[in-house]
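Please write a short report on the structure shown below, for a reader who is new to protein models.

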Amino acid sequence: MGLRIRLVLCGLFMVLMMCCIGVQADQLQVGFYQKTCPQAEYIVREEVFKALNKIIGLAAGLVRMHFHDCFVRGCDGSVLIDSTPGNKAEKDSPINNPSLRGFEVIDSAKTRLEAQCKGVVSCADILAFAARDSLAFTEMNIPYKVPAGRRDGRVSLSSETFANLPSPNSNVSQLTQSFQNQNLTQEDMVTLSGAHTIGRSHCGSFQNRLYNFNSTVSQDPSLDANYAAELKSQCPQGSTNTSLVVPMDPPSPNTVDSSYYKNILMNRGLFISDQTLISETATAPLVRANAAYGGIWKAKFYDAMVKMGRIGVLTGTDGEIRLNCSVIN
């Protein structure tokens, strides 16, 4: 399907949604910019689709960026702020750099929006729209509706990423607690983990599973042996090449589907935090259900994305509308 046709279909759908949805209890609203900047969502979508037509892998980057933004200080666009001589910002935390990408897509959308509707559309909302549009692009599907009205934060601290973002080595208890800290349930956690159905990972995020798992065994015994061999060929032991990456969902790395959960059932979850989901009685049934009923998982995933997008939002007169997403006003 061509880019122009995709944009038209998505645009028509969003117009219908804007006419039918009212104000949310938390002051976020679908169609928030309908009067103040009616082309806002279309402009973001156009910039996202243009970028993904060149580099499809940016889709996962933009989804992950939204997640990392929301889990630190809420969905306030703080992950977009550049470091200064006196402050190391979130984007330069080892958790985010070099793994996060797609900042240039947000900047391109912001530049166009400032030219058309100066000082109106927040960077936090642009990021939420871009994550939605990235998911829509990967499956040529109608996007879910995103309530907007977020305002931008003025603080970004690298140090806060460590306490708030779950590690790829987390177990179920740690993951559950991390999500509960954001008022998300354990089921939300399992559902949103399915975002690993697209994208790639640097070898350093899982290499311990291959070569130095613990003091007893070098290779994680929960990892399928054939998959481990594949990963070792892509991430050689002792390599100093920090740019080496592998797909997180090899069967369909650029498509939003339930393949991620099927991989876990075959002991082919890339991260410890993926494979651990099948190890606990509370989460294992959710993994099996998501693997078997991909359509139901996808609907839950979209609902969970909207729920995540409400974490700690600034609205009304709180925060600001950044004129440049990487610099506070």
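How far apart are the mean positions of the positive and negative charges of the protein chain? The mean positions of its 30 positive and 29 negative charges are 4 Å apart. Lys and Arg are counted as positive here and Asp and Glu as negative, while His and the chain ends are left out; each charge is placed at NZ of Lys, CZ of Arg, CG of Asp or CD of Glu.

This is a predicted model, in which local features need pLDDT of at least 70 and side-chain atom pairs count only at pLDDT 80 or more, whereas totals for chains, interfaces and linings use all residues. Residues are numbered from 1 along each chain as its sequence is written, and side-chain values use heavy atoms, with hydrogens and water left out.

**Overall form**

The protein chain has 14 helices and 2 strands, where helices (H or I, at least four residues) and strands (E, at least two) are DSSP runs numbered from the N terminus. Its radius of gyration is 20 Å, close to the 20 Å that the globule rule gives for 329 residues, so the chain is as compact as a globular protein of that length. That radius is taken over C-alpha atoms, and the rule is 2.2 Å times the number of residues to the power 0.38. Along its principal axes the C-alpha trace spans about 60 × 50 × 35 Å.

Of the 329 residues, 51% count as buried, a word that means under 20% relative accessible area, with exposed meaning over 50% and partly exposed in between (1.4 Å probe, protein chains only). Among contacts (heavy atoms within 4.5 Å) with a separation of 6 or more, residues 24 or more positions apart account for 75%.

**Cores and a covered helix**

In soluble globular proteins, nonpolar side chains tend to be buried together. A nonpolar core is a set of buried Ala, Val, Leu, Ile, Met, Phe, Trp, Tyr and Cys residues joined through side-chain atoms within 4.5 Å. The largest one in this chain has 70 residues, and those with the most contacts inside it are Met-65, Ile-106, Leu-135, Met-305 and Met-308. Helix α5 (residues 123-139) gives the largest share of this core, 9 residues. A second, separate core of 13 residues includes Val-246, Met-248, Leu-270 and Phe-271.

Helix α8 (residues 186-193) is mostly covered, since 6 of its 8 residues are buried. Its buried residues, including Asp-188 and Leu-192, pack against α7 (172-180), α11 (259-265), α13 (284-292) and α14 (294-308).

**Loop residues**

Thr-283, in the loop between α12 and α13, is buried, with a relative accessible area of 0%. Leaving aside residues up to four places away in sequence, Thr-283 touches Val-172, Gln-186, Met-189, Val-190, Thr-276 and Leu-277.
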